[in-house]
Amino acid sequence: VGQAVVMAFLLPVLRIVQRRPRLHSRVMRVSSIGLAAVGLYWMVARGVG
């Protein structure tokens with residue numbers, strides 16, 4: 001249920017961002033860096049702990 005709520009919120013926001021090319025490139029860059037950082041953190045946390 002939690003994932004469905006998050007998707008229900010994010011889908012309209014992503015549609016709006018997708019219509020604005022300049023904003024879209026910034027959001028994609030920031031979200032990619034954020035996802036890479038979270039993945040790196042989880043990898044290190046599982047490797048150490």
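Val44 is partly exposed, because its relative accessibility is 42% and that label covers everything between buried (under 20% relative accessible area) and exposed (over 50%), using a 1.4 Å probe and protein chains only. You'll find Val44 in helix H2, residues 21-48. Helices here are DSSP runs of H or I with at least four residues, strands are runs of E with at least two, and both are numbered from the N terminus. From Val44 to Ser25 is 19 residues in sequence and 29 Å in space, C-alpha to C-alpha.

Before going on, note that this is a predicted model, where local features need pLDDT of at least 70, side-chain atom pairs count only at pLDDT 80 or more, and totals for chains, interfaces and linings use all residues. Residues are numbered from 1 along each chain as its sequence is written, and side-chain values use heavy atoms, leaving out hydrogens and water.

Which residues does UniProt list as "transmembrane region"? An unreviewed entry there gives 27-44, though such annotations may be inferred rather than shown by experiment. That span is 100% helix and 0% strand, with its end C-alpha atoms 26 Å apart.

Now for the other helix. H1 has 17 residues and reaches 24 Å from first C-alpha to last, close to the 24 Å expected at 1.5 Å a residue; that expected span is 1.5 Å times one less than the number of residues. H1 also has a kink of about 25 degrees at Leu10, shortly before the proline Pro12. The bend is the angle between axes fitted to the seven residues ending at a residue and the seven starting there.

Arg19 and Gly34 are 15 residues apart in sequence and 22 Å apart in space, C-alpha to C-alpha.

Here are two more accessibility values:

| Residue | Relative accessible area | Class |
|---|---|---|
| Val13 | 35% | partly exposed |
| Arg19 | 67% | exposed |

Zooming out, the protein has two helices and zero strands. Buried residues make up 2% of its 49 residues.
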